[in-house]
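Notebook open, structure on screen. I want to go through a helix, some charged pairs and a domain interface.

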Amino acid sequence: MKKLIIKGGRELSGEIHIGGAKNSIVALIPASILTSGKCVIKNVPDISDVHALIEIMNELGSKVNYHDEIMEIDNSQVKNTLIAEEYTNKLRASYYFMASLLGKYKKADISYPGGCIIGSRPIDFTLNSFEKMGVSIKETHGHYSMKAKKLEGTEIFFDVPSVGATINCMITGVLAKGTTRILNAAREPEIVNVADFLISMGAKIKGAGTGTIEVTGVESLGDGEVTVIPDRIEAGTYVIIGALLGKNLKVSGIVEEHIKSLLYKLKEAGANYKIVGNSVVLNKSKHLKAINVKTTVYPGFPTDLGQPMSTFLTQCEGESIFEETIYENRLRHIPHLVSMGAHINTFDKKAVITGATKLHGTRVKATDLRAGASMLVAGLIADRVTSISNIEHLLRGYERIVDKLNGVGASIQFTDN
Ligand code: EPU
């Protein structure tokens with residue numbers, strides 16, 4: 001297990017460029033299975049989840065060529081529709097293969113997906129929707145054997161908007177007979193990115209990015225091409241870091257609209273930034289004041305930025321209330337922040353954070369991906385040295401993190417023990 005060693009307290013200046021979105025690419029790669037044509041995906045981030053998906057693609061018989069942020073995929077030789085558990089348990093997004101294998105081959109053999117342990121993370125919306133579309137599902141100890149004589153479009157309603165279920169139903173609807181209408185669909189930008197990719201292959205999809213998506217089935221698909229949107233969570237994490245340590249720190253390659261909720265909350269706290277084109281330029285503020293932050297679905301404040309934001313709140317004067325509403329287990333990083341000197345009391349999914357407190361470097365753990373981001377922000381602002389263990393989690397979602405941060409003046413390095 002690798003560790004990240006951070007010597008904190010350094011001002012950061014220069015430019016950090018944002019890579020392609022993890023939560024887009026992890027759906028785009030499986031979605032490509034729908035076509036036997038050639039696919040090109042640009043702006044692919046170099047994160048470990050991408051490499052895990054390439055392994056699965058190779059297992060299925062797909063040919064993937066990935067170099068310099070470009071991925072070329074040739075699925076003409078795909079023969080296999082079974083994915084072993086050792087692959088699926090590496091990441092949540094493995095369950096997008098359920099949708100694309102069903103869509104293309106009308107069968108899929110695949111285990112329950114892995115991913116960060118941040119709550120129960122059921123997949124009932126996806127499974128129920130598949131059944132409504134004509135799929136029969138046999139479950140044995142977390143392994144799903146799925147098959148359908150034919151897929152029929154239908155109307156689907158989600159109790160709460162789910163990113164994964166929305167993408168799964170959209171993918172499955174593309175080659176189904178008739179129209180699939182998804183009501184109370186999730187509206188995250190990654191869903192629009194996936195829809196654009198499918199449309200480039202010849203899919204008929206309307207309404208992606210709104211609460212109602214309509215997919216009209218087509219007979220077959222051709223070549224596909226797409227550019228991965230900038231990662232709004234990577235961008236948000238560096239923006240938070242810039243608000244605490246920036247000296248003209250430029251976070252470039254962002255889509256302002258995608259991080260609006262974060263920018264509003266930072267402004268409310270008194271953060272010092274300006275938007276210049278597709279960049280945010282940040283300077284450390286002399287005084288930050290307490291604010292309340294509640295995570296919710298897009299375009300609300302993203303759950304994936306909640307943990308790094310809670311570190312930011314330790315630097316705000318007064319009592320901030322942070323509330324997580326999507327997952328039941330996304331406060332596991334709080335004891336680690338407390339061990340660094342933060343004053344935080346938790347009640348259920350709420351944390352009351354009293355600041356501003358000086359944080360002190362110590363040994364902490366990345367309990368999941370975004371908990372790792374929270375520890376990273378804490379280590380960068382703390383005095384002394386912070387050692388973060390279980391750093392593999394962080395590498396699933398942040399590309400070239402050491403180079404990017406050291407390039408603007410941070411002092412961080414990996415160690416193997
Ligand atoms: N839900 C159900 N049943 C379902 C599906 C979801 O009850 O069948 C509930 C979940 O328990 C949760 C809520 O619906 O309370 C939303 O979950 P969603 O399905 O939207 O999450 P996801 O698709 O599993 C993706 C991202 C997460 C991100 C969430 C919310 C990927 C691979 N993962 O997860 O990203 O937190 O959407 O935006 O796209 C991360 O990047 O750190 C991460 C965890």
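Predicted model: local features only at pLDDT ≥ 70, side-chain atom pairs only at ≥ 80, totals over all residues.

I started where α9 stops: the helix is followed by Gly270, whose phi is positive, near 95 degrees. Residues are numbered from 1 along each chain as its sequence is written, and side-chain values use heavy atoms, with hydrogens and water left out.

Which residues of α9 are buried? In this helix, residues 260-269, I find Ser261, Leu262, Leu263, Leu266 and Ala269 buried. My cut-offs are under 20% relative accessible area for buried, over 50% for exposed and partly exposed in between (1.4 Å probe, protein chains only). I then looked up what covers those buried residues, and the cover includes α8 (232-245), β16 (272-276), β17 (279-283) and α10 (303-313).

**Charged pairs.** I get 14 salt bridges in the structure, counting a side-chain nitrogen of Lys or Arg within 4 Å of a carboxyl oxygen of Asp or Glu. Glu268 is partly exposed at a relative accessible area of 37%.

Next I went to Arg181, which bridges to Glu155 with the closest N and O atoms 2.8 Å apart. That pair links distant parts of the chain, Glu155 being in strand β10 (residues 155-157) and Arg181 in strand β11 (residues 179-183), 26 residues apart. Arg181 also forms a salt bridge with Glu214, closest N and O atoms 3.2 Å apart. Glu214 lies in strand β13 (residues 212-216) and Arg181 in β11, so this pair ties together parts that are 33 residues apart in sequence.

Arg181 is partly exposed at 30%, and Glu214 counts as partly exposed at 29%. Through shared partners, the salt bridges join Glu155, Arg181 and Glu214 into one network.

**Two domains.** I have domain 1 as 3-19 + 230-415 and domain 2 as 22-227, with bounds from an automatic or database domain assignment. Their C-alpha centres lie 31 Å apart.

How many residues meet across the interface? I count 21 from domain 1 in contact with 22 from domain 2, contact meaning heavy atoms within 4.5 Å. The two domains bury about 1,900 Å² between them, 50% of it on carbon and sulfur atoms; buried area here is the accessible area (1.4 Å probe) that two parts lose on being put together, summed over both. Tyr298, Arg396 and Glu399 supply 33% of the area that domain 1 buries against domain 2, more than any other three residues.

The rule finds two salt bridges across this interface. By class, the side of domain 1 that touches domain 2 has seven nonpolar, four polar and 10 charged residues. For the classes, Ala, Val, Leu, Ile, Met, Phe, Trp, Tyr, Cys and Pro count as nonpolar, Asp, Glu, Lys and Arg as charged, and the others, Gly among them, as polar. I also noted the Glu190 salt bridge with Arg232, closest N and O atoms 2.8 Å apart.

Notes. Helix = DSSP H or I, 4+ residues; strand = E, 2+ residues; numbered from the N terminus.
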